[in-house]
Amino acid sequence: MKWDVMQKKLTILSDAAKYDVSCSSSGSRRENKAGGIGNGAYGGICHTWSADGRCVSLLKILMTNYCIYDCAYCVNRRSHETERAMLSPEEIAELTVEFYRRNYIEGLFLSSGVYRSPDETTELLIRTAKTLREEKNFNGYIHMKGIPGTDPRLIRELGKYVDRMSVNIELPSSAGLKLLAPQKTKENILLPMREIRSGIAERKENRKASRKAPAFVPAGQTTQLIIGATPDSDRTILRLSEALYKQVELKRVYYSAYVPAMTGPNLPALTQPPLLREHRLYQADWLLRYYQFSADEILTDAEPDFDLHLDPKACWALRHPEIFPVEINKASYHMLLRVPGIGVTSARRICAARRSAWLSYDTLRRLGIVLKRAKYFITCRGRFYGESDRPDYIRSRLLDAEQAGRYEPMDLFAGVNS
């Protein structure tokens, strides 16, 4: 391997991959085998995030930044003049193993531009994964991209070798795709997602019959949505996420604030990425997945976008003064989850503790429940501790608290060469 040539390719392809945020903890239980190297099981992957959104414990690169598509927002688009490079499957496998041996990385996150065709690109990804698993005996974590428009047969083949796959939707509506990525369609994005979901469901059924049934994308699938490149409302984005969780059983939707790295007549004139909006979407996504909220509860036709000054759960509570305050000793678990300031752990503690006694305000404190926000929405033994239950008063107090822990936007790529 000529290291100077390889280093140049790595510089180009790792920089080209920095806008892709859809990689994270694997959840994979793939363990090492005798004579093999790597380990994708719990504890085998240490994952963290760098300032530019990369999952630093993985080798995160593109196979190539050559691309036949011309998406207006993408730095790798066909018409953009940029330095191009491509790694062969054998080079990627060799790099992954060498980096793993040096303890630089614990797994591989591999995406790619669409090289010649979706099928040809996926065939190269399959060759990479197959080389790592069968020739290099690599049992570490592998996350690869499902390329929109790929033949379902190839998606099935790739799924045999990787732990996680992600098919990026990127633009949240058909109108957005037509405007900024006319070579992509909603259908050719959803097709591989459905194929992965079917493969995972079949694998689960086969595992019931035999634990030796072959694996298929054991860590599930994810996607990424770009926020702010199109005029789509937050409600449109959140409803899409909800539908994806239900219909294709995604593990996770990643939201990526649009980085105005490119210019064009159809692109918004942003001076900086809408990071606070991205943050609110992650908060609302959490409410969808763990707090039993629906997208239509969080945002409505009348209020289709987030209040950037307050978190989505507090906004929902302030819109429903007829529900609050709730008595902490009587409210259901479902209702407790809707109280601002009370999370899943706190709600469980409250439900467990009140089986033996009625809870007082002081008891809640001793249980470790943070009451700074919750006190405006609860009573304890019939007593209210929030001074006033007027929504305007509560909002001003919550805003004061929000200001105290004010969110500071950060530069996504500070210190990184563009």
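The paragraphs below lead through this predicted model, from its overall make-up to a few individual residues.

Taken as a whole, the protein contains 14 helices and nine strands, and of its 418 residues 53% are buried. Among the contacts in the protein with a separation of 6 or more, 67% are accounted for by residues 24 or more positions apart.

Two packed helices are described by the angle between their axes and the distance between the axes. For helix H3, which covers residues 118–135, and helix H4, which covers residues 152–159, the angle is about 15° and the axes are 9 Å apart. Angles under 35 degrees count as roughly parallel, and H3 and H4 are therefore described as roughly parallel to each other. Their crossing is left-handed. On the H3 side the contact is made by Asp-119, Thr-122, Glu-123, Leu-125, Ile-126 and Ala-129, while H4 contributes Leu-154, Glu-157 and Leu-158. Sorted by class, the residues in this contact of H3 with H4 are five nonpolar, one polar and three charged.

Beyond H4, in the loop between H4 and S4, the chain holds Tyr-161, which is buried with a relative accessible area of 10%. The C-alpha atom of Tyr-161 is separated by 7.8 Å from that of Ile-126, although the two residues are 35 residues apart along the chain; Ile-126 is also one of the H3 residues that make the contact with H4.

The interior of the protein comes next. In soluble globular proteins, nonpolar side chains tend to be buried together. Here the largest nonpolar core has 114 residues, and the members that touch the most others are Tyr-73, Met-144, Leu-238, Ile-298, Ile-328, Leu-364 and Phe-377.

A loop residue, Leu-337, gives another view of burial. Leu-337 lies between helix H11 (333–336) and helix H12 (344–353), and its relative accessible area is 0%, so that it counts as buried. Apart from residues up to four places away in sequence, Leu-337 touches Tyr-290, Tyr-291, Gln-292, Phe-293, Lys-313, Ile-342, Gly-343, Val-344 and Ala-347.

Some details of the backbone remain to be visited. Most residues other than glycine have a negative phi, and most peptide bonds are trans. Against that background, the peptide bond from Phe-324 to Pro-325 is cis, with omega near 0°, and Pro-325 is placed in the loop between helix H10 (312–318) and strand S7 (326–327). Glu-170, which is not a glycine, has a positive phi of about 70°, and it lies in the loop between strand S4 (164–166) and helix H5 (174–180). Arg-381 likewise has a positive phi, near 50°, in a residue other than glycine, and its place is the loop between strand S8 (378–380) and strand S9 (383–384). Are Glu-170 and Arg-381 buried or exposed? With 15% relative accessibility, Glu-170 counts as buried, whereas Arg-381, with a relative accessible area of 52%, is exposed.

Note on methods. Residues are numbered from 1 along each chain as its sequence is written. This is a predicted model: local features need pLDDT of at least 70, side-chain atom pairs count only at pLDDT 80 or more; totals for chains, interfaces and linings use all residues. Side-chain values use heavy atoms; hydrogens and water are left out. Axes are lines fitted to C-alpha atoms, for helices over the stretch in contact, and angles run from 0 to 180 degrees between N-to-C directions. Helices (H or I, at least four residues) and strands (E, at least two) are DSSP runs, numbered from the N terminus. Angles under 35 degrees count as roughly parallel, over 145 as roughly antiparallel, 65 to 115 as roughly perpendicular and the rest as oblique. A crossing is left-handed if the near helix is turned anticlockwise from the far one by less than a right angle, and right-handed if clockwise. Contact means heavy atoms within 4.5 Å. Ala, Val, Leu, Ile, Met, Phe, Trp, Tyr, Cys and Pro count as nonpolar, Asp, Glu, Lys and Arg as charged, and the others, Gly among them, as polar. A nonpolar core is a set of buried Ala, Val, Leu, Ile, Met, Phe, Trp, Tyr and Cys residues joined through side-chain atoms within 4.5 Å. Buried means under 20% relative accessible area, exposed over 50%, partly exposed in between (1.4 Å probe, protein chains only).
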